[in-house]
Amino acid sequence: MEVELSICLSQPQGSVACVRSADGRAVSYKAPQELLDTSFPVNDANFSFDRVYGPNTKFSEIYSTQLSEAAKDLMVEARNTVVYTYGAKALPKRQFLYGSSAPAAQSSLAQSLLANIFSHPLGEYVIQIQAYVLGVTENVTDLLNIENVSGVVIDSVKEGPSVCNVTKQQVNSAADAAEALKKVAANAEEVFMEVLDESREKDPFPPYNPSQCVLAILKYPNLEAVENGIESNSCYLISLGDSERPPLCGINLDHLNKYEKTHKSHTALVSVLGAIRCNRLRIPFTKSKLTSLLRRAYNQEKHNLQNELNKPTKSMIFMWVFDDESHAEETYHTLNTAKRICNVMGGAGVGPASRDLSVEKWRLEQDILELKDELAIAKAVHDYKPCIFDQPKPVQNIQEEEFKRITAINKKREEARAKAQADMRAQAQKEAQLIIEQEEKKSNSNLQELEEKLKQKLLVNAELNAERDRKIKEFDKQLDKIRKKKQEEEEKANKLKEEIGAIEEELNARNMAIEKARNQLNVLTQDHTRGRDLILQGREETKDKRQKIFEQRQAQRQQWLASIDESNQKVLEQVRILNKERAAVGIGRIVSADIGEKKIQDDIDKIQSFLPTLLKLDAQEKPATERLRQMMEDYFEKEKVNFERKLVEEDNRKKQLEKDAEVYKARIQEHQMRVKKDQMQEAMKKERHLEGLVEQVIQYLEHGCRMTKIPSKGSARKRYFFIEDRKKFLSCEMDDSGLPVNRKRPTTTVYFKDIKRIILGQYTPAFEQFDGSKKGTKKGADEGLDDDEGSYNPSPTQTITPTNLHKYFYRSFSFEFKKGKTLDVITETDSDFEAWIVAFKRLLGSKSEWEAMQDVKKGKRPDPNAEPPPMIEWGIPLDLTGKPGVDKLSKEEYSLCEKNHITPNQYLNAKTEILQKAQSSFITVYDVRTLSSLDLPRSQEVHEFFLMKKMIASPAEAE
């Protein structure tokens, strides 16, 4: 996240400038001689800004310079934008953001921004506008509906404050947005009309309204998200309350109350912007109502999925100042506020961060002198004697005395008013009687004649009323006819609509019938194709069966021929034998025998010639069957050729798709490697950023901070502790404002080499003796932890007593020295506790098991003769018995939580967030710190545990 700091100069006509721009990035301030003559504490000063705009700069130039990319960030880049304006009430800070109802007003920032937003395609996105005024109470003024009085800020313990019952208007075009902004500008002018009235400036107590205006442009991904009320991105335009101090605001208690609450809110905002600009570990959003409402805009709302999807929020603040001498005092306050935002050490000190303490003290002295002068003048001129001031005896109850005096004054005032009213009535009656007599003399008529004329006029008026009533009745009859005619036309229109609906239903029925017929046709086509395939398959099977049967018959008939031939040969042989036997005995004739043998031979030859013909009968087919078979073969041959052609085309297409798939896989791998490289670079950048933050923490502790020292006897005292030369830390006494008295003469000096170990918590004898109970440590360890938030405590440490010692258990730690003594302290805030532990771990050289393993992999061998660094650990493990979520922990996770005093729910919530983000990026210690409610030392322990268990990947090992 980043914060851009700009200043806009405004110079009234005919005035002498006290602020000058040096080089476009800095301004120089010179106090006028009139203030210096009254002991004004500041002579001159220089202030740095990112941009400086002169008095003649137009709003459109500022927008094109700094906000031209805001619409793209909202619609394309998924980045939120927050714009603030700050300055006195007479400056155009609200007109710059929201515009003005004046005809010749300049185009505001909101108008230009919305016009650019609607130049992008919306798609399913929904744009809504919400505008309201935050005051010092819980009530909220709706700028889109000024009659809405139900707007309120509702505070919740878990979710924080939220604005309810305020109008959200959906805009679909630039014209809709311009119309809504006109309404916002007009309503804002109505809310602040009394304050901006220049004629009231001369009043002793002019009107004072330091309310803050908020205009939110919300982008939703779809209508479902609108119903759920969770926007994906937003752009906030916030005009902060008036910065000036009302004149003599200590006398008017209402003005004083508004002034204090407003500048507390300004101080909270300065702390947030300063933390973002200076890259601090914790951003204090909970210090005011306004900053708590902006958590979602800064992606810091708990359990919001958009936090990981959105890019870091961009913030801009425009400081509006008068550069003339008449406003030099307030100008210096505004410039000093900008300086507090850029301060690396934060807004530590007395009073609000939006006011300079020395100048405020000077202003109070001037008010006292002015009131004394007024009192002296009243004494000298009007012989005024105050009731309480300069009394011989002191008044015991000032409020009661004031009430008596005010009651007496009001009573006298009421009596004088009643007497004046009675006198005025009597005088009015006398004057009225005289006027009546004079008018009668002038007109030569008395009151009776006038009454008769009045009666005549009344009669004429009655006739006119009767005529009017008659015409009204006629108009009513015509109106009834028109209504009947309109009703008949509406009935006809409804009938036509019904007929059109019937036609549409019939058309839909026909379309459904056509679709049904189309589906049936597709089914028939599929059945035809399936039947053809079955016919082809059956034909092939029939052909194969016929061929087999034909071969079987051929083989059988060949066997028959062979057996018949063999039988014929046997018959011929028997005939020949018989003929020989007959010839031998001389029976019959030889001629007849030869004739018998020839006949048998002829019969055999006939049989031999006829049998092959019988064998060929199965092979003969009819001509029609032959033609049909030929046609079928030609058809199937063509189908085969087409199928082979399609098969070749499909094969080629498959090869082309495989080539495209290989190219796509290569691109995917290249993209994954590039994304992995970017994630690795981002992780290494976060690691370097964390190293820089640790260095800033050490510099902060070298400057020093307040801590409470717990003695072995007596009461606890606050001391100022600081690090020197990074080899020792020291403590010294403090003055009333909390600053060190003499850093060169410390009361305590501790060298790092003398520390044996650092014990976190309240486990040493000094804590037990101060608490007066041996069970105090157990009580503090249990009560100081929340099941979800852990040990987080936003309130600063109060004066330490035995009764409240256990409340600050998780801000306490002790130094155990090698000689056996201990030094026990309690920090002011959770951030200070975190800073001291992180700094000591770096400066003492303490390393965890994971860090030692990484050093070995890098070739760094520890010195075996060197003395091991002091341990930083909790006194005893945390008892997790009965804690919510403990049954969901594994054995290793249970050990991790009890060793580092982490509640099970706190660990499980952090684990869920970390593992979810680990799917898309590398996880660093910085990510664990921002995703969970753990401080930096605990975040490092959890991160190393996940690395050891291979639950997340290390960017160093991946590289």
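**Close-up 1. Strands β15 and β16 form a hairpin.** Strands here are DSSP runs of E, at least two residues in length, numbered from the N terminus. The model is predicted. Strand β15 covers residues 705–710 and strand β16 covers residues 717–724. The two run antiparallel and are joined by 5 bridges. One partner pair is Arg706 with Tyr720, the latter in β16. Between the two strands lie 6 residues. Gly714 sits in this turn, with a positive phi of about 90°.

**Close-up 2. Strand β16 also pairs with strand β17.** Strand β17 spans residues 728–732. Its pairing with β16 is antiparallel and runs over 5 bridges. Phe722 has Leu730 of β17 as its bridge partner. These two strands make a hairpin too, with 3 residues between them. In the turn, Asp725 has a positive phi of about 60°. In a regular strand, side chains alternate between the two faces of the sheet.

**Close-up 3. A salt bridge joins Glu828 to Lys718.** The closest N and O atoms are 3.0 Å apart. Lys718 belongs to strand β16. Glu828 lies in the loop between β21 (822–827) and α20 (830–844). The pair links distant parts of the chain, 110 residues apart. Is Glu828 buried or exposed? Glu828 counts as buried because its relative accessibility is 10%, and the cut-off for buried is under 20%. Lys718, at 30%, counts as partly exposed.

**Close-up 4. Arg757 and Glu873 meet through their side chains in a salt bridge.** The N to O distance is 3.1 Å.

**Close-up 5. Lys818 and Glu867 form a salt bridge between two loops.** Their closest N and O atoms are 2.9 Å apart. Lys818 lies in the loop between β20 (812–817) and β21. Glu867 lies in the loop between α21 (849–857) and β22. The pair therefore ties together parts that are 49 residues apart in sequence. Lys818 counts as partly exposed, at 45% relative accessibility. Glu867 counts as exposed, at 58%.

Close-up 6. How many salt bridges does a search of the whole structure find? The search finds 36.

Definitions and conventions: Residues are numbered from 1 along each chain as its sequence is written. This is a predicted model: local features need pLDDT of at least 70, side-chain atom pairs count only at pLDDT 80 or more; totals for chains, interfaces and linings use all residues. Side-chain values use heavy atoms; hydrogens and water are left out. Two strands pair if DSSP finds at least two bridges between them. Helices (H or I, at least four residues) and strands (E, at least two) are DSSP runs, numbered from the N terminus. A salt bridge is a side-chain nitrogen of Lys or Arg within 4 Å of a carboxyl oxygen of Asp or Glu. Buried means under 20% relative accessible area, exposed over 50%, partly exposed in between (1.4 Å probe, protein chains only).
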